[in-house]
Amino acid sequence: MADTLLSITGLTKAYPGVVANDDVSFDIRTGEIHALLGENGAGKSTLVKMIYGLVAPDRGSMRIDGAAFAPGSPSEARQSGVAMVFQHFSLFDALDVAENVSLGMDDPPKPGALAARIRDVSEAYGLPLDPHRLVGTLSAGERQRVEIIRCLLQDPRLLIMDEPTSVLTPQEVEILFETLRKLKTEGTAILYISHKLEEIRTLCDHATILRRGKKVATCTPAEETARKLAEMMVGSSFATPVAQSRTRGDVLLEIRSLSLPAPDAFSTPLRDVSFAVAAGEVLGIGGVAGNGQDELLAALSGERIAPAGTVALKGKDIARLGPVARRDAGLLSGPEERLGHAAAPNMSLIENGVLTAARRENLVSRGFIGWGDARRFAERVIDAFDVRTPGPGVAARALSGGNLQKFVVGREILQRPDVLVLNQPTWGVDAAAAAAIRQAILDLAAKGAAIVVISQDLDELMEISDRFAALNEGRLSAARPVAELDMEKIGLMMGGAHDMEVAHDVH
Amino acid sequence: MIRLEKRPEPSRFWTAVTPLIAVALTMVVGGMLFAWQGADPVEAIRTIFWDPIFNPQFAAFTRPQLLVKAGPLILIAIGLSIGFRAGIWNIGAEGQYIMGAICGAGAGLAFYPSESVLIFPLMIVAGALGGWAWAMIPAVLKTRFGTNEILVSLMLVYVAENILASVSSGLLRNPEGMGFPGSRNFKQWDATHNAELISGTGMHWGVVFAFIAVIAAYVLMARHIQGFHIRLTGEAPRAARFAGVNPTRIVILCLGISGALAGLAGLFEVTGPAGQISIDFNSGYGFTAIIVAFLGRLHPVGILLAGLLMALTYIGGELAQLMLGVPGASIQLFQGMLLFFLLATDVFTNYRLRFAAREVS
């Protein structure tokens, strides 16, 4: 085809013990947005690292405009017109935008000229950005713009974007999509990596789906259902979580005007957070990362003691109690970070079971751990939540992210909590495992537990929550029933437009 | 190019085998060192590792020394290992050992010349408290002000050494000692003498306490929730806090245990093998115990074996000094090498070597 920009043929890359890419071939045309879709560990990052010259393929070849393309380094890739925006930004907080941009360029122009060009590009593509602002003062969305502008200044012909929307609010996502569509009309090809299916369906012209290193299909995502795409990604059909009918009971957990100062310079203070969750109810808490999610979880789990009277469980004040006493009272939690926070990486699943279940499951008597009981508890979690592991004696770090997440969530659910608080319960988890975890959350709610799910995955929150609230700079919006929300309203809540509620509730 | 690749799980095989490899490498490189010093390497190694136990000429004298030297090393190392498992690095056991000896000896000497049976138990308690109190200084500074326990505990060793120098020529000096520095000799005072319990074995109360400590530490770390919390704190501090472990408590507990055990070791040493408080009664056991703790993989049984091995190098080293004329410093070098090789080979527990083509990264 004449308009093929990048042609990939038979790319193979093996790492010890795993074939990351196995004979992958597909073409990217000029002026198309091409999605690269796959679960974690499907080989997406290895593939783009090969295109960007970070990793050399074992076999296979690439051609750009019909000419052989085998970049030995990112700068060689950039000379051939390939640019990449990474998921994790590489920016210096203490430098301003222009300085950061020039640091990432192979041949930066003079500072004055650069600032002018940054202004031009940011205006041309609808990405407002002041070249003289310090990067430390920018939001995640603005930081991403710095990275994108850095790429655009080099007039790329292929722009690779690795999970660009994971840090953005819905409004920022819209701005990004406009930019990408504009680039597309100018003939720039975009390779868009994501596992968010709805995004891909609205944005991308074609999608290449990877599963366990192999290309499964190239399709036109707009013509497929999200469910079909997910099944191609996972390789089998899986049950969509079904909510059983639930009866709303008494309020089990109530937070009243909880304020906590930030423990260090990298944290967010909690500001006057209030909410209540009733038995049989799932409250979804959304928000862009870094707006107080970790701090809220720590205040609920008891890792940080809250001011008296701010946290009430079943009507009793537990604000001054630590994690052990809160667990005894029936409030369990699951932090975002699996390795190192929810679980100790080098310890076995048995020991990681004892970590939170020691008292509720009677695994300890007179201070001595009953390892037999502990093993049986770990085995129960493994069975009930289909954790794929050779056995309970395996170290937590040897499990895949999804399996360990099933274990740590299952560990709390099997302890029959009255209130369960989870932060990012399906983050980085494959689709089938995520569906299983969501189903377990819904089942637990149906049995009369009150559940708080903190997540950055809005689709997830819409799927499982009864009510939704958003965290913004440590403030929590009022919770509203999910049924009366749409993406625009959610975006406003996440952006901190709290007065919207006032306007809404008055009529 | 050779690359190190992280293993999915720590290798059980390498955990067990690295101390043996480290000992073997130390023998090889140590032999080369002795050869360079002009001694026959094979003979030197034999003198250090074989003769103290099996040579008919020396064994009757050197064999009991094995327990005499291993006792304090094991006792201190057990305490240190508990802290090390929690990521609390008490490097100042030597100071706690000295302060335990001073406090224990002082408590006894206050009652001189009583022959009450209560004196020795009192001294044991005072010794443990002395070491404990000295370890509480870095513990409190760490928990209150966030200071680094490595630096504070290490610096306090030098303070303790100066206190030792001061009391041995001042407060605790033997009034009948004709002005020589050093306290009364406990060997000549039956109520306080930590004598050999079974003749010809070197077994004294310190060795008994060391064995008890090994068993107690094993039970604590393997079976008790407190030991689990200590290990959890070392493995993943955030997970420990999530589990409800109070980090301040763990710091106080771990430094307290290691300080008390070091203090006990000091008391048993000064009332037994050393016999009196003197400027240099301490033989650096507090520092060598760090090597013992790591050589024993921070595991109680491992520490028992490592303590015996390290005691052997002490005795064998003295023997080699005597018989072959190798300098005393080369024995310390030998012990240092052991730790060095252990840490070096330790990498293989968590990593494996890969011989692979170079890759741009």
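Lys and Arg count here as positive and Asp and Glu as negative, while His and the chain ends are not counted. The place of a charge is taken as NZ of Lys, CZ of Arg, CG of Asp or CD of Glu.

## Charges on the two chains

With that in hand, here is chain B: it carries 22 positive and 18 negative side chains, and the centres of these two sets lie 14 Å apart. Chain A has 54 positive and 66 negative side chains, with 5 Å between the centres of the two sets.

## About the model

This is a predicted model, in which local features need pLDDT of at least 70 and side-chain atom pairs count only at pLDDT 80 or more, while totals for chains, interfaces and linings use all residues. Residues are numbered from 1 along each chain as its sequence is written, chains are lettered from A and ligands numbered from 1 in the order in which they are written, and side-chain values use heavy atoms, with hydrogens and water left out.

## Chain B

Let's look at the fold of chain B, which has 14 helices and 2 strands. Helices (H or I, at least four residues) and strands (E, at least two) are DSSP runs, numbered from the N terminus. For 361 residues, a compact globule would have a radius of gyration near 21 Å, and the 22 Å of chain B agrees with this. That radius is taken over C-alpha atoms, and the globule rule is 2.2 Å times the number of residues to the power 0.38. Along its principal axes, the C-alpha trace of chain B spans about 75 × 55 × 35 Å.

In chain B, 52% of the 361 residues count as buried. Buried means under 20% relative accessible area, exposed over 50%, and partly exposed in between (1.4 Å probe, protein chains only). Of the contacts in chain B with a separation of 6 or more, 76% are between residues 24 or more positions apart; a contact means heavy atoms within 4.5 Å. Chain B exposes about 16,000 Å², and carbon and sulfur atoms supply 67% of that area. Accessible areas come from the Shrake-Rupley method with a 1.4 Å probe, and for residues only the protein chains shown count as cover.

## Chain A

Chain A contains 17 helices and 23 strands. Its radius of gyration is 24 Å, close to the 23 Å that the globule rule gives for 507 residues, so chain A is as compact as a globular protein of that length. The C-alpha atoms of chain A fill a box of roughly 70 × 55 × 40 Å along the principal axes.

Of the 507 residues in chain A, 55% count as buried. Chain A exposes about 20,400 Å², with carbon and sulfur atoms supplying 51%.

Side chains of opposite charge can pair when their charged atoms come close.
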